[in-house]
Amino acid sequence: MIAAADGISTIVATPHITEGVYDGSDRDEQISRLKQRFRENDIDIQLVPGAEVPMSTCISAGREALEKLAIGGGPYLLVETGEATPEQMGQAAYSVRLAGFYPVFAHPERTLLAQRHPDQLAEIISRNEAWVQVTVASIDGLFGKSVKKTWEQMAKAGLVHLIGSDAHSGRVRAPRLSGSYQELCNLVGEKAAGIIMLENPQQLLAGEKMRSPEAFVQPSSRSIWSRLRR
Ligand SMILES: [Fe+2]
């Protein structure tokens, strides 16, 4: 209900996969159950199955296993970043590409890699055709100043392709996105914000190629990251 009131029409459910604890094999069954509850409560929101896949699983699992965890059974896989070294992140992205999917890194702005070595993160993203999803809580400053500064620098460099609520409940990181739209517009301009918040989510759900907003980021917003990428 919170999501519907916020104007959200589709939610991708991305439970954490944890090796030896939860492998996501019951996700379709869980989604069906949730859809039923939505119907019973007149909640008009589409539910799409996904998963947040740890880098170790990305590296060790083959195509068949990853296919079961991909977003809506399409070509995108949400990859948990955790505290990654550049090598692990690069290896995870390469393995996902090798299996035939596009990695979407979940909240890399929270990693020391992004905060201290932005050039290395930018290189991994461009080399592996990877994508980046930033968490609303990072935009709101809930993870502190350095995370907030990092996401802003990434957005100015055109390295933010999606924004996710990373909702955990109605209270903890509730499923809301609209509050971050204005901040994104102020930072990168309306055109780039539209790609990030409207166009790319639709492309992802349709299994089509997303677009980098880089070319549309207002020139005044461009940061040192943009220069590092060239
Ligand atoms: Fe996560």
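Leaving aside neighbours within four places in sequence, Gln120 is in contact with Pro86 and Leu113. Gln120 sits in helix α7 of a predicted model. The protein has twelve helices and seven strands. Its radius of gyration is 17 Å, close to the 17 Å that the globule rule gives for 230 residues, so the protein is as compact as a globular protein of that length.

**Gln120**
- Gln120 has 17 C-beta neighbours inside 10 Å and therefore counts as partly exposed; a buried residue would need 20 or more.
- Thr85 lies 35 residues from Gln120 in sequence, and the C-alpha atoms of the two are 9.9 Å apart in space.

**Overall fold**
- The C-alpha trace spans about 50 × 40 × 30 Å along the principal axes of the protein.
- Buried residues make up 39% of the 230 in the protein.
- Of the contacts between residues at least 6 apart in sequence, 75% join residues at least 24 apart.

**Helix α5**
- Helix α5 covers residues 86-98, which is 13 residues.
- From first C-alpha to last, α5 reaches 18 Å, close to the 18 Å expected at 1.5 Å a residue.
- Met89, Ala92, Ala93, Ser95 and Val96 are the buried residues of α5.
- These five cover an arc of only 160° around the axis, which means that they lie on the same side of α5.
- An α-helix has 3.6 residues a turn, so residues three or four places apart point the same way.
- Glu87 and Leu98, on the other side of α5, are exposed.
- The helices that the buried residues of α5 pack against are α3 (55-60), α4 (63-67), α6 (112-116) and α7 (118-127).
- The buried residues of α5 also pack against the strands β4 (76-80) and β5 (102-106).
- Just after α5 comes Gly100, with a positive phi of about 100°.

**Helix α2**
- Helix α2 (residues 27-40) has 14 residues and reaches 20 Å between its first and last C-alpha, close to the 20 Å expected at 1.5 Å a residue.
- The number of buried residues among the 14 of α2 is zero, so this helix lies largely in the open.
- Asp42 follows α2 and has a positive phi, near 55°.

**The sheet**
- Five strands form an open sheet in the order β3-β4-β5-β6-β7, with parallel pairing.
- The edge strands are β3 (52-53) and β7 (162-164); each has a single partner strand, so one side of each is left without a neighbour in the sheet.
- β3 and β4 run parallel and are joined by two bridges.
- Val53 stands opposite Val79 in β4.

**The nonpolar core**
- The largest nonpolar core has 55 residues.
- Leu77, Val79 and Val104 have the most contacts inside this core.
- Helix α11 (residues 190-206) supplies the largest share of the core, five residues.
- Not counting residues up to four places away in sequence, Leu77 touches Val53, Leu66, Leu69, Ala70, Ile71, Val96, Phe101, Pro103 and Val104.
- One of these contacts of Leu77, Val96, is a buried residue of α5.
- Another of them, Val104, is itself among the residues with the most contacts inside the core.
- In soluble globular proteins, nonpolar side chains tend to be buried together.

Terms used:
Residues are numbered from 1 along each chain as its sequence is written. This is a predicted model: local features need pLDDT of at least 70, side-chain atom pairs count only at pLDDT 80 or more; totals for chains, interfaces and linings use all residues. Helices (H or I, at least four residues) and strands (E, at least two) are DSSP runs, numbered from the N terminus. The expected span of a helix is 1.5 Å times one less than its number of residues. A residue is buried if 20 or more other C-beta atoms lie within 10 Å of its own, exposed if 12 or fewer, and partly exposed in between; C-beta atoms are placed from the backbone. The arc is that of the directions from the helix axis to the C-beta atoms. Two residues are in contact if their C-beta atoms, placed from the backbone, lie within 7 Å. A nonpolar core is a set of buried Ala, Val, Leu, Ile, Met, Phe, Trp, Tyr and Cys residues joined through C-beta atoms within 7 Å. Two strands pair if DSSP finds at least two bridges between them. The radius of gyration is taken over C-alpha atoms; the globule rule is 2.2 Å times the number of residues to the power 0.38.
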